[in-house]
Amino acid sequence: MQLLLSISIGFVVYIINFHTTLALPPNYNDVSKDNTHFNEEIPTLENSRPSAKFNPEHIGGHYQGDMIIPEEISRGAAHRPLWQRWPNGIIPYDMTSSISANHSQLIVDAMRRMENLTRIGNVQCIKFRPKTSSDEIFITIRNGTGCSAHVGYLQNYTLNRTVTLMHTPRATCMRTGIIQHELLHVLGFFHEQSRPDRDDYVSIQWNNIINGTEFNFQKYNLTDIDTLNTSYDYGSVMHYDADAFSSNGLPTIRATRNASAVLGQRIGMSPIDILEVQRYYRCDRTSSSIAIRTNTILISSIIIIEITLIFLFNSAILLEKSQISQATTSWNETYPKGQVTRVKNVDVYTVGSNAYSTNDLSVIVIYDIFGFNISQTRVFCDRFSAQYKVQVAMPDFFRGKTASLHINNLTTVLSVIGNWSQVSSDLSDVASWLKGTSPSHRIALIGFCWGGLQVVRACSNLSTLFFTGISIHGAWLTEDEVRQLQQPMLFIAAGDDPPLKPDISSVIEKWTSPRVANQCQYETYSNMKHGFVSAGANYSNPENVIAIDDVHEKVRNFLDRISRNSASSTHHSMRCFSVFLFLFLLNII
């Protein structure tokens with residue numbers, strides 16, 4: 001038995017080495033922990049979002065709107081031909097005088113973000129640098145018509161390789177997500193919605209497409225395209241919007257796997273975008289797709305033997321491995337599973353149901369400045385509903401808008417699209433909808449960043465509707481706001497957030513009732529950055545996932561504790577009333 005145990009352990013070691021040698025493609029959650037996804041620190045130089053009716057990515061007159069591909073070059077994204085990959089991942093660039101100094105800074109910032117996102121430890125996948133006199137092949141960045149870029153390295157191409165980033169009063173390409181979109185073309189990537197497997201995930205609504213632009217929805221084939229063993233990515237920065245090239249304002253692309261999925265975004269690279277760059281530029285120890293396909297059967301067979309041996313002769317090791325795996329990939333369902341429904345005059349993302357609840361409790365989530373359509377925030381709702389067995393609802397307080405695009409004027413914008421009068425009305429409507437026919441049904445609140453402030457206000461001014469609240473990396477939490485609390489709260493902060501102790505805790509202890517102050521809880525994740533649970537959540541970063549796991553557990557434990565205390569308080573009041581009633585009746589008799 002000991003011999004068999006030793007053999008199984010040896011097999012595990014062998015398999016680990018075999019995985020490294022033959023490069024079994026990892027799940028995209030295995031991206032290095034050094035990666036970070038976008039957070040709420042939007043560059044102050046970034047311009048507002050162009051009108052959906054005038055998308056500068058669609059007006060350049062190139063293939064699929066913004067891709068410049070010489071006729072003699074075959075198309076494919078990521079291109080299979082190795083000459084489409086920039087040697088050593090180094091991309092020299094020439095910033096022309098048509099780009100202003102401020103916009104040059106924004107472009108370079110987008111480049112640095114891409115470099116940092118795709119870096120694995122000390123290994124840098126890609127590097128953008130100013131060209132030198134010895135660089136014969138480089139990209140030229142200029143102002144012009146639309147947003148466009150040459151695709152790939154183009155080794156035998158003799159003309160300029162241009163990246164055009166338009167900026168006019170009418171429309172602009174000067175947004176981090178759009179810049180990164182065009183630079184990904186430069187790196188050799190095409191549009192996500194034209195992948196060979198796209199029909200398994202989306203449906204093209206040909207009747208809604210502008211006549212003559214149908215070619216923009218051409219699907220690539222596997223002889224030209226390498227999907228790099230990644231899954232289809234609704235949230236890719238390389239994905240078209242749902243209404244791209246629409247003739248009537250109706251969707252031209254519909255998600256079929258998840259009807260509520262938001263198609264495309266121009267905030268920044270998604271986790272799968274990051275992984276694809278790492279794989280294409282071979283800095284994640286993943287070999288070419290040919291090697292992957294060649295060894296798939298052999299590797300799968302060895303994995304089965306490995307699992308069988310561990311299960312039969314080394315269950316303790318199996319348990320330990322599963323616990324470690326659970327800590328880093330306990331929630332890799334990164335596509336939202338809920339649905340959007342209408343409650344009075346507000347859209348609500350909801351998952352679960354009252355019948356699903358095991359403790360007569362529902363949760364309302366209040367999003368951050370990025371708004372309603374951020375997949376990470378929706379995934380939080382899905383996960384919390386599944387693990388805590390409650391219905392979770394997230395209203396669209398901004399009515400389809402996002403405050404993050406107006407970072408220079410954020411307070412003013414929030415006072416308009418997120419004013420407390422409208423927020424409180426929406427909260428009341430959704431609370432009534434959640435309660436349904438059960439008046440005793442209790443509702444808790446969870447808010448992120450701006451949403452954390454709204455939770456404080458609701459627990460101060462709508463305390464009869466909500467029995468508790470959780471503020472996660474809450475912003476603008478002033479003394480005047482927190483001193484009015486009428487319900488206990490859990491405050492969770494990141495390392496770069498204002499300290500909770502003594503800033504928040506001392507005010508609550510001084511000004512609120514003992515019932516509130518004694519039940520409040522304060523947690524700080526010093527190794528995390530603002531936004532790490534919601535819009536900035538990076539599910540490809542194991543350290544971030546572990547922190548998110550811990551937040552979920554702390555929130556569940558806090559709700560359990562407050563629920564017990566609330567029930568105990570209610571029972572105590574009922575007992576006192578019963579004693580009083582008994583004495584009163586005894587006195588009458």
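Colleague: Which elements do the buried residues of α2 pack against?
Modeller: Keep in mind that this is a predicted model. The buried residues of α2 include His-103, Leu-106, Ile-107, Met-111 and Leu-117. Their packing partners are β2 (90-95), β3 (127-130), β4 (139-142), β6 (161-165), α3 (176-187) and α4 (271-280).

Colleague: And how far apart are the end C-alpha atoms of helix α2?
Modeller: Helix α2 runs over residues 101-118, which makes 18 residues. At 1.5 Å a residue it should span 26 Å, and the model agrees with that, so the end C-alpha distance is 26 Å.

Colleague: Let's go to the cores. Which residues have the most contacts inside the largest nonpolar core?
Modeller: In soluble globular proteins, nonpolar side chains tend to be buried together. Here the largest nonpolar core has 81 residues. A second, separate core of 41 residues includes Leu-117, Phe-128, Ile-137 and Met-238. Back in the largest one, the residues with the most contacts are Phe-384, Leu-427, Ile-446 and Phe-491.

Colleague: What is Phe-491 in contact with, leaving aside its neighbours within four places in sequence?
Modeller: Phe-491 is among the residues with the most contacts inside the largest core. Its partners beyond those neighbours are Val-456, Ser-471, Leu-477, Leu-485, Leu-500, Ile-504, Ile-508, Gln-521, Tyr-522 and Glu-523.

Colleague: Are α9 and α10 roughly parallel or roughly perpendicular to each other?
Modeller: Two packed helices are described by the angle between their axes and the distance between the axes. For α9 (residues 420-435) and α10 (residues 450-461), the axes come within 11 Å and cross at roughly 70 degrees. An angle of 65 to 115 degrees counts as roughly perpendicular. The two helices are therefore roughly perpendicular.

Colleague: Which residues make that contact, and how many are nonpolar, polar and charged?
Modeller: On the α9 side you have Trp-420, Val-423 and Leu-427. From α10 come Trp-450, Gln-454, Arg-457, Ala-458 and Asn-461. By class, that gives five nonpolar, two polar and one charged.

Colleague: Why does His-167 count as partly exposed?
Modeller: His-167 sits in the loop between β6 and α3. Buried needs under 20% relative accessible area and exposed needs over 50%. His-167 falls in between, because its relative accessible area is 30%.

Colleague: How far apart in space are His-167 and Gly-146?
Modeller: In sequence, His-167 and Gly-146 are 21 residues apart. C-alpha to C-alpha, the distance is 8.4 Å.

Colleague: Last one: what percentage of the residues of the protein chain count as buried?
Modeller: The chain has 14 helices and 16 strands. Of its 589 residues, the share that counts as buried is 53%.

How values were computed. Residues numbered from 1 in each chain as written. Predicted model: local features only at pLDDT ≥ 70, side-chain atom pairs only at ≥ 80, totals over all residues. Heavy atoms only, no water. Core = buried A, V, L, I, M, F, W, Y, C linked by side-chain atoms within 4.5 Å. Buried < 20%, exposed > 50% of the residue type's maximum accessible area, 1.4 Å probe, protein only. Contact = heavy atoms within 4.5 Å. Axes fitted to C-alpha atoms, helices over the stretch in contact; angles between N-to-C directions. Helix = DSSP H or I, 4+ residues; strand = E, 2+ residues; numbered from the N terminus. Parallel < 35°, antiparallel > 145°, perpendicular 65-115°, else oblique. Nonpolar A, V, L, I, M, F, W, Y, C, P; charged D, E, K, R; others polar. Expected span 1.5 Å × (residues − 1).
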